[in-house]
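The following paragraphs lead the reader through a structural model, beginning with a single residue and ending with the confidence of the prediction.

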Amino acid sequence: MACVARAFDGRTLVTPTCLRACAAIALVAGAIAPVIGGTPSAAAQDIGPRSVADLAEGLLGSVVNVSTTERVVAERSAPIPDGQTQGEGDDDAEVPYRDFFDEFFGEDGPPSRRRSQSMGSGFIISADGFVVTNNHVIRDAEAVVVNFADGTVLDAEVVGRDPKTDIAVLKIESEEPLRPLEFAASEDLRVGDWVMAIGNPFGLGGTVTIGIVSARNRNLQSGPYDNFIQTDAAINQGNSGGPLFDMKGNVVGINTAIISRSGGSVGIGFAVPSEIAVAVITQLREFGETRRGWLGVRLQPVTQDVADNLGLERANGALVAGLTAEGPAEAGGLRTGDVVVRYDGRDIAEMRELPRFVAETPIGKSVAVVVLREGAEVELDVAVGELEENEARAERRAEEAARTEEPAGDIKGGAPATLTVLGMGLAPMSDGLRSRFTIEDDVEGVVVVEVEEGSRAKEKRIVAGDVVLEVGQRAVSTPQAVEQRIASLREEGRNTALLTLSNAAGALRFTALRLE
């Protein structure tokens, strides 16, 4: 057996075959050591759980296969009879059995939809028949069926689903008693803890795999509340919706996704943590939908450059880049430029945590929000509102507007730049520029009319049509004021300048530029 291989760069690599062989030899040696008088090391004795057979045996009956049926559009494999025979020398001859074709095909031709079946996993959470699975397992399904390990098959009703966390709740009616699973606090998990997955990979029901928690708080950018557990326990297609257990047999996550080029497990799987799932499941059972808290803020991350300019010791918190008019945050006293560092007693380590904390807050609850404002902490009381879909869409549109691309057209037809500062060609606001870049009437400041290629401003995605409102948290109204403020920051020994920018639509953002 070849245990080493030569890499392209000349390095010596141990092959997977050798690693498996070495592991097997080590296990055998540990097993026979007592027989031949040897003693396995303490470390060898403590590697991994000795067996999960008893644990798995008590849980298998509570994990189910979820199969769905839906109709999908299918391509026609044959042409529709056109009502005339062809090639017989009689162009007007009638098609035999025309009445049959009319009845079966109709005016629009033969049926173009067929049934498609898919399978996933799920698990029982209550003795009265509530089942949890992934939303993507039952999405668009016409019929949902739950299959038990003992062969029992029951029809299921969709009680509610939440696309944002990819969780769905089903309801079944069973004459036999059900054994519900219990949730445990996923926040108590540590990287390196053992976990076990049970599910239905590739239709193979009752499959048990084990691994460890590889990482926590993973953001896959699949939704606004991403906070996945990463595990190397084998998770494959069909495991979606199945439980991830701790070694006490409690559910700590719902298996949801994998990263794989082949479609099979490569040891990178992800589960929705119970700390998120339990709240969503509770609402879906009670209301058939989720009811999330809402502040009415548009946020952006606090980068190290932004933190330096705001005088923060470290880059943490969520920077308020905009407020919804008459929303809870504005009513509670938050301002654009505030950095939220604590919410309802929970520290905000990074921006993406705040939307999740707010969403989990009961609607109407008054919470303490601590912000950094002009170098000092300010505590505000904010009454949390309810997130409506139209409000969520409005905030997404504002975020998209804040990332607007450079307007089409040749800017040379507008007013020329009067000064170039940090790679930005600047000009005073004028009716001509306002019309040229369709800048809203309530946006006031210094207009960026061009951006130099290769400049820091270009790298930071500043574009022609943006408006500079503040430099270093001081308002500016002329290109000269921008230049003077930059000079002052240099004299103060600053390495970066924090710009408050608005796009043409009025969406604000904060950008730090190095003073080079």
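Asn-147 is buried, with a relative accessible area of 17%; buried means under 20% relative accessible area, exposed over 50%, and partly exposed in between, computed with a 1.4 Å probe on protein chains only. The model is predicted: local features need pLDDT of at least 70 and side-chain atom pairs count only at pLDDT 80 or more, whereas totals for chains, interfaces and linings use all residues. Residues are numbered from 1 along each chain as its sequence is written, and side-chain values use heavy atoms, with hydrogens and water left out.

Asn-147 belongs to strand β6 (residues 143-147); strands are DSSP runs of E with at least two residues, numbered from the N terminus. Leaving aside residues up to four places away in sequence, Asn-147 touches Val-64, Asn-65, Ser-67, Thr-152 and Val-153, where contact means heavy atoms within 4.5 Å.

Elsewhere in the chain, strand β16 (residues 297-301) is largely enclosed by the rest of the structure, because four of its five residues are buried. Five bridges join β16 to strand β17 (residues 318-323), and the two run antiparallel; strands pair if DSSP finds at least two bridges between them. Within this pairing, Leu-299 stands opposite Val-320 in β17.

Confidence is expressed as pLDDT, the predictor's confidence in each residue, from 0 to 100. The protein chain has a mean pLDDT of 81, and 75% of its residues reach 70 or more. Over residues 1-38 the pLDDT stays under 50, and the model has 23 contacts beyond four places in sequence for them. Residues 83-93 also have pLDDT below 50, with 13 contacts in the model beyond near neighbours in sequence.
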